[in-house]
Amino acid sequence: MTTLTTPLEKQRIGAAAGPRPRRRAADGRRASGRPSVAWAVPGLLFFGLFAVVPMGLAVYLSFTSWDGLTSPTPVGLDNWTRLFGDPEFLQAARLSALLTVVSWLFQTPVALLLGVWAAGRQRNRAVLSAVFFLPLLLSTTAISVLFHALLDPNFGVVKEIGPWFGIDPNILGTSTGALLTVAFVGGWQFMPFHTLIYQGGMRQIPQVLYQAAAIDGAGPLRQFFSITLPQLKNTVTTSSVLMIVGSLTYFDTVLIMTKGGPGTDTTIVPYLMYRVGFQSYDLGYASAVATALVVVATGLSLLMVRFSGFGAMRSTREGM
């Protein structure tokens with residue numbers, strides 16, 4: 001006599017039998033489709049060799065006195081005691097914080113608006129976007145040399161057109177002008193990168209939200225503040241973290257354009273580290289400066305992720 005089993009009974013029988021063992025595909029993937037941990041080994045090795053090991057070495061050297069030639073001599077906490085009492089470091093930290101804030105205030109609104117625009121279907125949008133993204137393909141050194149030549153008070157373009165706009169031809173010779181110029185040059189180069197981030201985030205927003213808002217009578221401005229900005233919350237966090245870490249590590253732009261001047265008005269923490277380590281040959285103290293910079297940048301990134309809710313990875317597509 002044949003016994004018929006209903007689909008519900010089959011499901012109960014399968015549940016009683018316990019979970020089936022996971023199978024692995026021939027390429028190392030689990031049956032669920034997720035890759036195994038082995039896929040991350042090359043990346044972990046690369047990160048450990050070129051990031052963790054150098055950082056560990058810098059931490060070790062921060063407790064030594066080393067001129068780069070002889071063997072390091074342990075000095076305990078002398079470098080760290082000097083660090084927190086050094087007025088030059090405190091000024092460099094203040095300038096780095098100011099440069100970071102100015103860069104964020106300058107780049108974020110412009111990159112956000114350009115990213116929203118670039119995600120649309122305007123005429124000639126692709127051509128204009130390609131032209132705008134060109135600075136991202138250039139090296140920081142080439143861009144710094146270019147702007148340094150343009151802003152030369154004797155032979156640069158600023159000498160001819162600067163007075164028309166009320167700009168001092170010797171803009172790099174003034175405290176405020178030099179710092180703002182460094183922020184502008186960095187923003188001019190990296191703003192296209194953040195624009196790409198916002199463009200990708202904008203294209204993930206369901207168009208049905210805008211269609212429903214238009215039916216309810218919401219105009220473009222209301223849609224931007226009520227739909228676009230809330231939906232781009234995680235994108236803003238991602239861009240801000242990258243922007244802040246990048247601003248804290250500005251170096252080649254300052255080295256080529258201002259050399260920390262006028263005086264020490266653009267001597268930010270990375271440039272101070274370079275000057276102490278490779279001009280004064282005090283690599284132990286320079287390692288302490290570098291370690292402090294890494295700790296601050298990492299701490300700021302973690303705080304932003306923690307208090308923005310980005311770490312929870314909540315979906316912004318409510319009701320979708």
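E88 is partly exposed, with a relative accessible area of 29%, where partly exposed covers the range between buried (under 20%) and exposed (over 50%), judged with a 1.4 Å probe and protein chains only. The side chain of E88 meets that of R275 in a salt bridge, with N and O 1.7 Å apart; the term stands for a side-chain nitrogen of Lys or Arg within 4 Å of a carboxyl oxygen of Asp or Glu. R275 belongs to helix α13 and E88 to helix α4, so this pair links distant parts of the chain, 187 residues apart. Helices here are DSSP runs (H or I, at least four residues) and strands are runs of E (at least two), both numbered from the N terminus. R275 itself counts as buried, at 19% relative accessibility.

The structure is a predicted model, in which local features need pLDDT of at least 70 and side-chain atom pairs count only at pLDDT 80 or more, while totals for chains, interfaces and linings use all residues. Residues are numbered from 1 along each chain as its sequence is written, and side-chain values use heavy atoms, with hydrogens and water left out.

By the rule above, there are two salt bridges. One of them joins R82 to D282, whose closest N and O atoms are 2.7 Å apart. Because R82 sits in helix α3 and D282 in the loop between α13 and α14, the pair ties together parts that are 200 residues apart in sequence. R82 is partly exposed, with a relative accessible area of 39%. As a general point, side chains of opposite charge can pair when their charged atoms come close.

The protein chain as a whole has 14 helices and two strands. Of its 320 residues, 35% are buried. In soluble globular proteins, nonpolar side chains tend to be buried together. A nonpolar core is a set of buried Ala, Val, Leu, Ile, Met, Phe, Trp, Tyr and Cys residues joined through side-chain atoms within 4.5 Å. The largest such core has 16 residues, and L83, F89, V269, Y285 and V289 touch the most other members. Helices α3, α4, α11, α13 and α14 each supply at least two residues of this core, with α14 giving the most, seven residues. Beyond its neighbours within four places in sequence, L83 is in contact (heavy atoms within 4.5 Å) with F89, Y285, A288, V289 and A292. Another core, of 13 residues, lies apart from this one and includes A111, M191, Y198 and M202.

N79, found in helix α3, is buried with a relative accessible area of 7%. The N79 side chain reaches the backbone oxygen of T64 at 2.7 Å. Setting aside residues up to four places away, N79 touches L61, S62, F63, T64, G284, Y285 and A288. T291, in helix α14, is likewise buried, at 11%, and the T291 side chain reaches the backbone oxygen of S287 at 2.8 Å.

On the surface, L146, L150, V157, I161, W164, F165 and I167 form a nonpolar patch, with about 700 Å² of accessible area together. Such patches are made of residues with over 30% relative accessible area and no salt bridge, nonpolar side chains (Val, Leu, Ile, Met, Phe, Trp, Tyr) being joined within 5 Å and like charges within 9 Å. Accessible areas come from the Shrake-Rupley method with a 1.4 Å probe, and for residues only the protein chains shown count as cover. Helices α6 and α7 each supply at least two residues of the patch.

Methods. A polar contact is a pair of N or O atoms within 3.5 Å; within protein, one must be able to donate a hydrogen and the other to accept it, and residues adjacent in sequence count only if both atoms are side-chain atoms.
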